[in-house]
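Welcome, and please open the model in your viewer with the sequence panel beside it. We will go from stop to stop, selecting a few residues each time and looking at what is there.

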Amino acid sequence: MTDSDPNQRLGRFVETPVAGETVRAFVPPPLPPVPTIDVLVLLDRLSLAERALGRLDGITMLLPRQELFLYMYVRKEAVLSSQIEGTQSTLTDLLRFETEAQAGQPIDDIREVSNYVDAMMYGLERLEELPLSLRLIREMHARLLQSGRGGTKDPGEFRRSQNWIGGTRPGNALYVPPPVTELDNCLGAFERFMHDDQSRLPALIKAGLLHVQFETIHPFLDGNGRIGRLLVTLYLCVNGVLQKPLLYLSLFLKTHRADYYRLLQEVREHGQWEAWLDFFLAGVAETANKAFDAATRIVDLFKEDRERISAQSDRAGSSLRIHELFQQHPFLTANQLVEYTSLSAPTVNAALADLQRFGILEEITGRKRGRVFSYRAYLTILSEGTDPLPTTA
């Protein structure tokens, strides 16, 4: 029977000239895969992933400051997603950059991460008036590459030239995406599947399919990985699987990047969608469980530190106000605290001394003037897994 022919899951190759040589560019078949996804073999993984997402949604409803956790988690994802693309910035670098404290990494790296935060927040806000679509993806891409090293890579525009992945030239590339002549058809089918409800596939399965298809089409000259990872979260929010955009897979994909790249290729070369989806759903469950754990520990930390301040500080009122500001900005200077709280400089300095004595805050410059304070325990929880990937010589 034709509909059980596994070859229908395979794409076709088109010979295309690039940089003086002819290469075989891959054109994927449209989604959903035929034969259809065997959801039965994925049921256990799917159930665990859905349960973990439900738990994560539940804890965020209990957070005293939902928007604060989201603010920090978005930044953590921006750092991780950018590290996969080769930046060396850490979460600490980004937060110090944003609070205009002294930055430690090359400014281009930090700007790329900051652009990613901007693109994410723009996309989430834009969903209130625009459906998830190629138009929205292009608008987010324009924000992602608005400055820094990506500015020359056609921000907000689908590519008009051939690209490739891996290798030193197209002829020895690991993978060559569809040629420009096939791009419109591939993207049109991709957008139709985003809005398709005929396949009756669970939203989590569809999110996993869409991610691979986007990476396979590789429609931009730069930024495909970052937009493709963000697409998963946006799709789950639009389809009600997540109430808040708190699922970000970059840490899982960074940790298991060899398996990730291998499984993408196995889908392209052999139609192995189920193997990819098994990996993807395991990543969703692990990521959601880690986010739940982090949220729980942050809530406990804030509560314990508030109780310690209330019980031990002679100036609990002002110290608590400053503690609250450090929950929003883990790096601050004394001058910024005077500005944000309208407290006097002596009051702020006395409260900072208290918070240092309690082990809540740490001064990180060693200077007498322009001192920068950090909320170390909070940063430790937020920064888990965000050390840059080792650079290869």
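Predicted model: local features only at pLDDT ≥ 70, side-chain atom pairs only at ≥ 80, totals over all residues.

Select A19, which sits in the loop between β1 (12-18) and β2. Its phi is near 50 degrees, a positive value in a residue other than glycine. Is A19 buried or exposed? The relative accessible area of A19 is 69%, and the cut-off for exposed is over 50%, so A19 is exposed.

**Stop two: two cis prolines**

Now move along to the loop between β2 (21-27) and α1 (43-62), where you will find P32. Display the backbone and look at the bond from L31 to P32: this peptide bond is cis, with omega near 0 degrees. Stay in the loop between β2 and α1, because P35 lies there too. V34 and P35 are also joined by a cis peptide bond, with omega about -5 degrees.

**Stop three: the cavity**

Rolling a probe the size of a water molecule over the atoms shows where empty space is left. How many cavities of 30 Å³ or more are there? The count comes to 1, and the volume of the largest cavity is about 60 Å³.

Which of the elements gives the largest share? That is α7, with 3 residues.

**Stop four: H218**

Follow the chain to H218, in the loop between α7 (203-217) and α8 (224-238). An unreviewed UniProt entry places the feature "active site" at H218. With a relative accessible area of 14%, H218 falls under the 20% cut-off and therefore counts as buried. What does H218 touch, leaving aside residues up to four places away in sequence? Show the side chains of R159, N163, I165, P177 and N224, and you have its contacts.

**Stop five: the cysteines**

Select C186 and C237 next. C186 is buried, at 9% relative accessibility, and C237 is buried as well, at 19%. If you are wondering how many disulfides the structure holds, the count is 0.

For the last stop, pick S318 in helix α12 (residues 316-328). S318 is buried, with a relative accessibility of 11%. Beyond residues up to four places away in sequence, S318 touches L343, T347 and A351.

Then select S342, which lies in the loop between α13 (334-341) and α14 (345-357). Is S342 buried or exposed? S342 has 66% relative accessibility, so it counts as exposed. Check its backbone angles before you leave: phi is about 65 degrees, a positive value although S342 is not a glycine.

Technical notes:
Residues numbered from 1 in each chain as written. Heavy atoms only, no water. Helix = DSSP H or I, 4+ residues; strand = E, 2+ residues; numbered from the N terminus. Buried < 20%, exposed > 50% of the residue type's maximum accessible area, 1.4 Å probe, protein only. UniProt positions renumbered as here; feature names shortened; annotations may be inferred. Contact = heavy atoms within 4.5 Å. Disulfide = S-S within 2.5 Å. 1 Å grid on protein atoms, 1.4 Å probe; cavity = no way out; pocket = protein on both sides within 12 Å on 5 of 7 lines; lining within 4 Å. Points joined across faces, edges and corners; volume = space filled by probe spheres on them.
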